[in-house]
Amino acid sequence: MKIKLNRINDDFLFECTNSAGNSILLDNTSQPDAKGVSPMESVLMAVAGCSGIDVVAILKKQRQNIIKFSAEVEGERVPVDEAKPFKTMKVTFFIEGEVEPKKALKAAELSFGKYCSVSKTLEPNVEVSYEVFVNGEKI
């Protein structure tokens with residue numbers, strides 16, 4: 001796996017491109033005219049995407065009818081020397097459709113316990129927790 005990063009303005013805007021040519025913009029979001037996400041926001045996005053792919057894939061294999069799927073990830077950062085790494089992350093899944101709640105919860109358990117490479121990469125330095133809502137009800 002390999003990505004390329006190219007600076008695309010005179011400040012901090014970077015385009016990161018994968019080998020398939022897909023890209024995202026990274027920027028210094030402390031600047032008022034930021035045009036991309038911060039690198040730390042991209043880590044939260046990566047956790048959401050990785051675990052989201054897992055949960056949807058598991059539920060599809062179980063023939064659950066997902067009408068709508070979304071997630072939110074909140075991260076808490078702490079000062080360590082000059083850096084501010086994540087200490088905790090909380091992922092909240094919102095699933096709507098003909099989905100059995102126990103299966104949705106089990107899918108999240110499998111993602112974070114076994115499959116999500118991004119959250120596994122962060123262990124043991126970041127405590128990642130999760131919660132699941134199915135049709136508006138917390139499981």
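1. The largest pocket is lined by Met1, Ile3, Cys16, Thr17, Asn18, Asn22, Ser23, Ile24, Leu26 and Ser42. Two elements give two or more residues to this lining: strand 2 (14–18) and strand 3 (23–26). A pocket here is an open set of points on a 1 Å grid over the protein atoms alone, where a 1.4 Å probe fits, with protein on both sides within 12 Å along at least five of seven lines; lining residues have an atom within 4 Å of a point.

2. This is a predicted model, in which local features need pLDDT of at least 70, side-chain atom pairs count only at pLDDT 80 or more, and totals for chains, interfaces and linings use all residues. Residues are numbered from 1 along each chain as its sequence is written, and side-chain values use heavy atoms, with hydrogens and water left out.

3. The volume of the largest pocket is about 260 Å³, taken as the space filled by probe spheres set on the points, which are joined across faces, edges and corners. Its lining has five nonpolar, five polar and no charged residues. Nonpolar means Ala, Val, Leu, Ile, Met, Phe, Trp, Tyr, Cys and Pro; charged means Asp, Glu, Lys and Arg; the others, Gly among them, are polar.

4. The protein has three helices and seven strands. Their order along the sequence is β-β-β-α-β-β-α-α-β-β. Both are DSSP runs numbered from the N terminus: helices are H or I with at least four residues, strands E with at least two.

5. The C-alpha atoms fill a box of roughly 50 × 35 × 30 Å along the principal axes. Of the 139 residues, 28% are buried (under 20% relative accessible area, 1.4 Å probe, protein chains only).

How values were computed
Buried < 20%, exposed > 50% of the residue type's maximum accessible area, 1.4 Å probe, protein only.
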